[in-house]
Amino acid sequence: MAIDIKAILPGISVTTITGLAALFLSEHYGAPAMLFALLLGIAMSFLYEDSPCTKGIEFAATFILRVGVALLGLRIALNDLVSLGWEAIIILIVAIASTICLGIILSKQMKLSKSFGALTGGSVAICGASAAMAITAILPEHKNKERDTLVTIIGVTSLSTIAMVVYPILVTYLGLNDIDSGFFLGGTIHDVAQVVGAGYSISEDTGDMSTLVKLVRVSLLMPVVLAMLFVIKLNTSGDHKGAKATKVPGFLIAFVILMIINSCFTLPELIVEPATSFSRFALVISITAIGMKSNFAKLKSVGFKPIVLMMMETLWIAAIILAAICFI
């Protein structure tokens with residue numbers, strides 16, 4: 001793919017500067033960088049229409065997004081799965097699968113699209129905004145795709161922040177020990193940063209356990225995305241109009257390769273740390289670009305149903321994990 005640097009440079013510059021501003025605000029005010037990036041992007045959406053920045057914003061929302069998701073593979077090692085134990089992994093798989101299914105079923109009942117239910121369910125079940133970015137990259141194009149992504153990211157980051165404050169109080173009230181508390185926090189809170197914040201606010205053991213459980217959830221992102229891709233491919237192949245079959249995107253292949261490399265070899269921090277930092281910043285830039293592509297009037301027209309849907313998904317996965325801790 002030939003890239004016209006001159007054409008995309010204005011858009012890349014403005015999304016990068018806005019992304020840096022989002023990181024600055026996040027570090028100084030303690031709110032998620034993804035949410036700041038999205039809101040700042042929406043505020044600057046006037047730069048997208050009929051502007052020299054348009055092509056660069058499109059590039060950031062697609063290519064840079066895929067690079068950021070691919071590099072997430074360096075954060076995952078298969079050893080994490082082994083160390084957690086098969087019973088815990090089965091519980092997480094059941095919780096994730098049932099949350100996604102619940103999202104699809106409820107979205108149909110609420111007269112929302114099934115793709116929106118899969119998007120919100122996957123985001124709540126796995127890793128919040130990062131999962132939303134990975135899932136939206138493989139969903140078929142439709143007129144409300146950017147809007148649905150924006151609503152999902154705003155919803156899951158807001159709910160994750162609330163959970164970071166409320167869940168440590170809940171596990172303390174329930175009298176859970178450090179390990180069970182860590183499993184609950186890591187198995188239910190959407191975003192990695194909020195899991196770390198909630199876990200270590202209780203104790204070091206809780207923080208370690210919650211982080212491990214969260215990493216295992218993140219490692220299940222690619223199987224979920226590939227399963228969704230398979231379903232999309234089946235639906236496409238059944239289309240009588242003969243639509244082009246969906247192929248496995250290169251960024252998913254890159255994610256799996258990087259995860260295998262990270263699992264088989266001990267990579268030096270000199271490589272892993274810059275790569276993971278770049279991955280995080282690439283996702284911030286791409287979310288900023290998606291915000292810039294948004295139409296705020298369309299966003300306001302969504303209504304309360306998507307928020308209710310994400311709240312029900314959040315309560316569902318919390319109930320599943322808590323029931324497993326108490327009764328298994």
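**Notebook: charged side chains**

I started with Lys145, which counts as buried at 8% relative accessibility. For my own reference, buried means under 20% relative accessible area, exposed means over 50%, and partly exposed lies in between (1.4 Å probe, protein chains only). This is a predicted model, where local features need pLDDT of at least 70, side-chain atom pairs count only at pLDDT 80 or more, and totals for chains, interfaces and linings use all residues. Residues are numbered from 1 along each chain as its sequence is written, and side-chain values use heavy atoms, with hydrogens and water left out.

**Entry: salt bridges**

Side chains of opposite charge can pair when their charged atoms come close. I used the rule that a salt bridge is a side-chain nitrogen of Lys or Arg within 4 Å of a carboxyl oxygen of Asp or Glu. How many salt bridges did I find by this rule? The count comes to 4.

Back at Lys145, I looked up the partner: Glu141 pairs with Lys145 in a salt bridge, and their closest N and O atoms are 3.2 Å apart. Glu141 is exposed, at 65% relative accessible area.

Next I turned to Glu146, which forms a salt bridge with Lys293, with 3.0 Å between the closest N and O atoms. Glu146 sits in helix H8 (residues 145-174), and Lys293 in the loop between helix H14 (269-292) and helix H15 (296-300), so this pair ties together parts that are 147 residues apart in sequence. My helices are DSSP runs (H or I, at least four residues), numbered from the N terminus. I noted Glu146 as partly exposed with 25% relative accessible area, and Lys293 as buried at 17%.

Then I checked Asp148 and Arg147, whose side chains meet in a salt bridge at 3.3 Å, N to O.

**Entry: a negative patch**

Which residues form the negative surface patch? I listed Asp178, Glu204, Asp205 and Asp208. A patch like this takes residues with over 30% relative accessible area and no salt bridge, with like charges joined within 9 Å. Asp and Glu count as negative, and the place of a charge is CG of Asp or CD of Glu.

Helix H11 (residues 204-219) gives the largest share of the patch, 3 residues. I picked out Asp205, which is found in helix H11 and counts as partly exposed at 46% relative accessibility.

Key:
Patch = residues over 30% accessible without salt bridge, like charges linked within 9 Å, V, L, I, M, F, W, Y side chains within 5 Å. Areas by Shrake-Rupley, 256 points an atom, 1.4 Å probe, with all protein chains shown as cover. Helix = DSSP H or I, 4+ residues; strand = E, 2+ residues; numbered from the N terminus.
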